[in-house]
Amino acid sequence: MKYLKYIFIFIVLPIQIYLAIWYTPVVKGLGESTRVFYYHVPVAWLAVLSFLISAIYSAQFLRKRDFKADLKAEANARLGLLFSVLATVSGSLWAKITWGDLWNWDPRETSILILLIIYLAYFTLRSSVEDEDRKATLSAVYSLAAFATVPLLIFVIPRVYESLHPDPILNERGKVEMSSTIRWIFLFSMITFTWLFVYLKKYQEELMLLKNRKRNLILEKLKK
Amino acid sequence: MEEAYNNLVYVTSIIIAICLGVFGYGFYLFRELRKIKSEVSREG
Amino acid sequence: MFAWIKQVFSILEKDIRSEFRQKYAISGILMFAFVVVIAVSFALSGIKPGPRFGAILFWITVLFADLAGFAHSFIKEEEEQTALALKLCTEPAVIFWGKMLFNVFLATVLLVTIIPLSIIFLGLVTDHWLDFILFAFFASLAMTVGTTLIAAITAKASGRGPLFTILSFPVLLPVLIVAIKATYAILSGNTLMEQLNELITVISYIMLKGAIGHLLFEQVWQDASK
């Protein structure tokens, strides 16, 4: 199974880059910036996926009190933070070159910003608690409480903005009319990035596990 | 800004920024993992 | 069942009594609201903000005034170390709903104060006062229900005001957005019936957050005090 990694790096990834940057046809309203679509949306999707996974590990921690679960919750939250920063910034820049403004309070922009804020709040909470057990419990609870807000956001925000911003251009990006070619390239990009995520998740979790072990080893040595 | 969305320089910069962020972080993880693996096996 | 309700209300009563001894939270909230309204009114030099900016100013003030006071009842328990005694008294759920009712009390006091203030200093005016007040009450309730769990978390995290505000902000954002939109509409002449979507959203938020808080509170509360 180890050759999977190489398939990804040397076959899947180059194909994705070729498709997204050269092959793709261009969407009418977006021009050349159509290409950004194949990178921005998958990254935003990863931000949400990380949140979901982190929340699941949080729930697992609360149920079993297994510290590994808390570690993994934090690991995925770190990835989520990275992705949501990238998604928010790239979304803003994309908006600038297509709509002219760096920020529009478009429903999707708002959602990804809120996700970013949730991640930041999560880490602020973690850094204000010293005791490990309490840190894990409190951040797990917060993670779940914040997660519960997300479905509501998804349904609330588009409705609210429908009438606040009756701008016809606004949802064009969301409702991009995908010709089948574009749809295929988009799907392929999503798969590529999700595949990449699997590796990142594994590395991040392993890294944090080892850092934890290293810390424990040092603590043990100090005790002797 | 005439047709900024058709400006390939802008478009590529955004894409490069995303990829740098994602892959850069991936490489960072890889390097840190290597470092720590050797440290932990030494401490044993 | 009724014993349970009685217990919840005795928590509420205890908190209100101790609040009136020192008036720490209430004075914080009211002072904040007062200062903000006055400052904004002064900065506008007598120009009345219309329905749109009036709604925005109103809800931002309410939001931050609430955030100034909601964590108090939990933080006080930790500071004065009465948390342990409280823990032994009764089950976590009772504490959760009792403290929440106390925050509802605070939020109501705030509304009762800030609406007249806004009328005087911000020229708040509408054809549908009942609609406005009713919706404001529900939205305030939503803000209370959404933050009670977070107030408990903040108290255990030994963080203070800033932490509570940071943690609450993403959770309260849906309420804020919906409240501003509906209030704007009501101030512009709509009735509450026309803003039914927003009202339903607020009520579902209350139910969702109430359930989540009820389920998760025990985890935060039973955490051994270290």
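**Three chains, and a closer look at chain C**

Hi everyone, let me start inside chain C: the buried residues of its helix 4 are covered by elements that include helix 1 (2–22), helix 2 (24–43), helix 3 (51–69), helix 5, helix 6 (92–122) and helix 7 (129–156) of chain C. Before I go on, please keep in mind that this is a predicted model.

So which residues of helix 4 are we talking about? In this helix, residues 72–79 of chain C, the buried ones are His72(C), Ser73(C), Phe74(C), Ile75(C) and Glu77(C). After helix 4 of chain C comes Gln81(C), and its phi is positive, near 55°.

Is Ala83(C) buried or partly exposed? A residue needs 20 or more other C-beta atoms within 10 Å to be called buried. Ala83(C) has 19 other C-beta atoms within 10 Å, so Ala83(C) counts as partly exposed. If you have the structure open, look for Trp221(C) too: Ala83(C) and Trp221(C) are 138 residues apart in sequence, yet their C-alpha atoms are 9.0 Å apart in space.

Now let's zoom out to how the chains meet. Two pairs of chains are in contact, and chains A and C share the most contacts. On that interface, 27 residues of chain A are in contact with 28 residues of chain C. Helix 4 (107–127) and helix 5 (132–164) of chain A each give at least two residues to the side that touches chain C. Helix 5 of chain A makes the largest share of that side, with 17 residues. Sorted by class, the side of chain A that touches chain C has 20 nonpolar, four polar and three charged residues.

Over to the other partner: 27 residues of chain A are in contact with 26 residues of chain B. Here at least two residues each come from helix 2 (34–64), helix 3 (67–99) and helix 6 (180–223) of chain A. The largest share of the side touching chain B, 11 residues, belongs to helix 6 of chain A. By class, this side of chain A divides into 15 nonpolar, six polar and six charged residues.

And chain B itself? Its secondary structure is one helix and zero strands, and 14% of its 44 residues count as buried. How far apart are the closest C-alpha atoms of chain B and chain C? They lie 25 Å apart, and no contact joins these two chains.

Conventions. Residues numbered from 1 in each chain as written. Chains lettered and ligands numbered in written order. Predicted model: local features only at pLDDT ≥ 70, side-chain atom pairs only at ≥ 80, totals over all residues. Helix = DSSP H or I, 4+ residues; strand = E, 2+ residues; numbered from the N terminus. Buried ≥ 20, exposed ≤ 12 C-beta atoms within 10 Å, placed from the backbone. Contact = placed C-beta atoms within 7 Å. Nonpolar A, V, L, I, M, F, W, Y, C, P; charged D, E, K, R; others polar.
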